[in-house]
Amino acid sequence: MDIVHTRDARSYFGSRGDQELKKKYNALDSSMYYKKNLNGNKISSFPVNQVQTVDNLWSSNYDSTTTQHPFFGLIQGNTIAANDPFFSIFGQSSGLFKNDVFVSSYAQTLSGIKIDSGGLDPNPNASEDRWLTHQKTPLSGSNNSWLSSDGCIVNTDKNQQYINNTLNSWQLYSGFNMGTIINEDWNELYRRMYAYY
């Protein structure tokens, strides 16, 4: 199993602290889940749209974790870096969500945090929150109209359930490490920037 997330570069506009921008540039990303044989040949795959891969919560405990992006300026730094492979651990539980989550293992954030095997910041003074792939709505019932991320990869509730159900039907076992990467797509941003020239 491999996962390729595609981050629309415009998603970074939602990471600059502007409430309207984080709602406007929300859920622009997508994912492809691949099932392969032992030789690495693709057997099956499915896409998921309406994904959020960029940290867009300035009102969180991680407000101090910012970074300077060369194009977008000061943004939230908990976003997982693109083009840097990591693992997504399938079938993990969380007391915050109804559906099972994936734990992001050995990823790196834009601010330079090297996430450990359990999805945590190894700094002893860091928060105990893990980097996950999870559904939109927590068990607490908070239901924003947009996908809010503090560095996690967030799906709609319907998509998270669909992903879990499909991978279970593929007989993926709990704890399986899925090779994962985030690619960035700048095409739409460039197209809009130069549309009037």
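Which residue forms a salt bridge with Arg10, and how far apart are the closest N and O atoms? Select Arg10 and Asp8 together: they form a salt bridge whose closest N and O atoms are 2.8 Å apart. The term salt bridge is used here for a side-chain nitrogen of Lys or Arg within 4 Å of a carboxyl oxygen of Asp or Glu.

Before going further, a word on what is on screen: this is a predicted model, in which local features need pLDDT of at least 70 and side-chain atom pairs count only at pLDDT 80 or more, while totals for chains, interfaces and linings use all residues. Residues are numbered from 1 along each chain as its sequence is written, and side-chain values use heavy atoms, with hydrogens and water left out.

Buried means under 20% relative accessible area, exposed means over 50%, and partly exposed lies in between (1.4 Å probe, protein chains only).

Next, select Asp2 and Lys36. Their salt bridge has its closest N and O atoms 2.7 Å apart. This pair links distant parts of the chain, 34 residues apart: Asp2 sits in strand S1 (residues 2-8) and Lys36 in strand S2 (residues 29-36). Strands (E, at least two residues) and helices (H or I, at least four) are DSSP runs, numbered from the N terminus. Asp2 is partly exposed at 25% relative accessibility, and Lys36 is partly exposed at 35%.

Now move to helix H3 (residues 187-193), where Glu188 and Arg192 are separated by about one helical turn because they are four residues apart. Between Glu188 and Arg192, the closest N and O atoms are 2.9 Å apart. Glu188 is partly exposed at 22%, and Arg192 is partly exposed at 47%. Across the whole structure, a search finds five salt bridges.

For the last stop, select Thr109, in the loop between strand S7 (101-105) and strand S8 (132-135). Is Thr109 buried or exposed? At 2% relative accessibility, Thr109 counts as buried. Show its surroundings: leaving aside neighbours within four places in sequence, Thr109 is in contact (heavy atoms within 4.5 Å) with Gly77, Asn78, Thr79, Ile80, Ala81, Ile115 and Trp131. Finally, draw a distance from the side chain of Thr109 to Gly77: a polar atom of that side chain lies 3.5 Å from the backbone oxygen of Gly77.

Methods. Polar contact = N/O pair within 3.5 Å; in protein donor to acceptor, adjacent residues only side chain to side chain.
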